Amino acid sequence: SKTNIYANTILFDDDGNYTGFDDTEPTSRDMGKPRALEMIQNQHGYETIVMVGDGATDAQAKPPAKAFIGYGGVVVREAVKEKACWFVHSFDEMKHVVQKFGTRK
């Protein structure tokens with residue numbers, strides 16, 4: 001359900017062209033993603049959260065995330081790459097990281 005989604009709302013015009021994002025979303029603001037993860041962690045009691053993202057605000061989420069997987073499948077941002085525990089260019093590469101290093105209790 002939408003109550004379990006914490007993400008930026010992407011905006012498009014009537015022709016389907018990208019026009020920006022809703023800057024009122026908490027996750028679109030500086031340090032908004034760490035706050036969202038803290039809220040999720042507190043609500044659900046998760047011990048480990050891994051953040052995946054392609055931007056600087058995604059990288060800010062570690063901590064509280066235990067790890068950050070940088071994604072460069074669309075564009076490689078060096079600042080993101082430098083902060084990432086792992087940096088991947090595809091979903092298959094990300095699955096490999098999770099399968100190799102992830103643990104399930």
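Modeller: Gladly, and let's start with a term: a nonpolar core is a set of buried Ala, Val, Leu, Ile, Met, Phe, Trp, Tyr and Cys residues joined through side-chain atoms within 4.5 Å. Please keep in mind that this is a predicted model.

Colleague: Which residues make up the largest nonpolar core here?

Modeller: The largest core has eleven residues: L37, I40, I49, M51, A59, A61, A65, F68, V80, A84 and F87. As a general point, nonpolar side chains tend to be buried together in soluble globular proteins.

Colleague: What does I49 touch, leaving out residues up to four places away in sequence?

Modeller: I49 touches L37, Q41, A65, K66 and A67.

Colleague: Why is M31 called partly exposed?

Modeller: Partly exposed covers the range between the buried and exposed cut-offs, under 20% and over 50%. M31 is at 35% relative accessibility, so M31 counts as partly exposed. M31 is found in the loop between β2 (18–21) and α1 (32–44). Its phi is near 65°, a positive value in a residue other than glycine.

Colleague: Let's turn to the rings. How many aromatic pairs does the structure hold?

Modeller: The structure holds two aromatic pairs. F12 and Y18 form an edge-to-face pair, with 6.4 Å centre to centre and 75° between the planes.

Colleague: Why is the pair of W86 and F101 called tilted?

Modeller: Planes under 30 degrees apart count as stacked, over 60 as edge-to-face and the rest as tilted. The planes of W86 and F101 are at 35°, with the ring centres 5.2 Å apart, so the pair is tilted. The pair links distant parts of the chain, as W86 is in strand β5 (residues 86–88) and F101 is in helix α4 (residues 91–101), 15 residues apart. W86 is partly exposed at 27%, and F101 counts as partly exposed at 46%.

Colleague: In what order do the strands of the open sheet run, and how are they paired?

Modeller: Three strands form the sheet in the order β3-β4-β5, with parallel pairing. The twist averages 20° from one strand to the next.

Colleague: What makes β3 and β5 edge strands?

Modeller: β3 (50–53) and β5 each pair on one side only.

Colleague: How do you know that β4 pairs with β3 and with β5?

Modeller: Two strands pair if there are at least two bridges between them. Four bridges join β3 to β4, and three bridges join β4 to β5. Within β4, I69 is the bridge partner of V52, and G70 stands opposite G53. G70 also stands opposite F87 in β5. The chain crosses from β4 through α3 to β5 in a right-handed β-α-β crossover.

Colleague: What makes β4 mostly covered?

Modeller: Four of its five residues are buried. Helix α4 lies across β3, β4 and β5, running at about 150° to β5.

Colleague: One last thing: where are the cis peptide bonds?

Modeller: One joins K62 and P63, with omega about -10°, and another joins P63 and P64, with omega about 15°. P63 is in the loop between α2 (56–59) and β4, and P64 lies in the loop between α2 and β4 as well.

Technical notes. Residues numbered from 1 in each chain as written. Predicted model: local features only at pLDDT ≥ 70, side-chain atom pairs only at ≥ 80, totals over all residues. Heavy atoms only, no water. Phe/Tyr/Trp six-rings, centres within 6.5 Å; stacked < 30°, edge-to-face > 60°. Helix = DSSP H or I, 4+ residues; strand = E, 2+ residues; numbered from the N terminus. Buried < 20%, exposed > 50% of the residue type's maximum accessible area, 1.4 Å probe, protein only. Contact = heavy atoms within 4.5 Å. Axes fitted to C-alpha atoms, helices over the stretch in contact; angles between N-to-C directions. Right-handed = clockwise from strand over helix to strand, strands pointing away.
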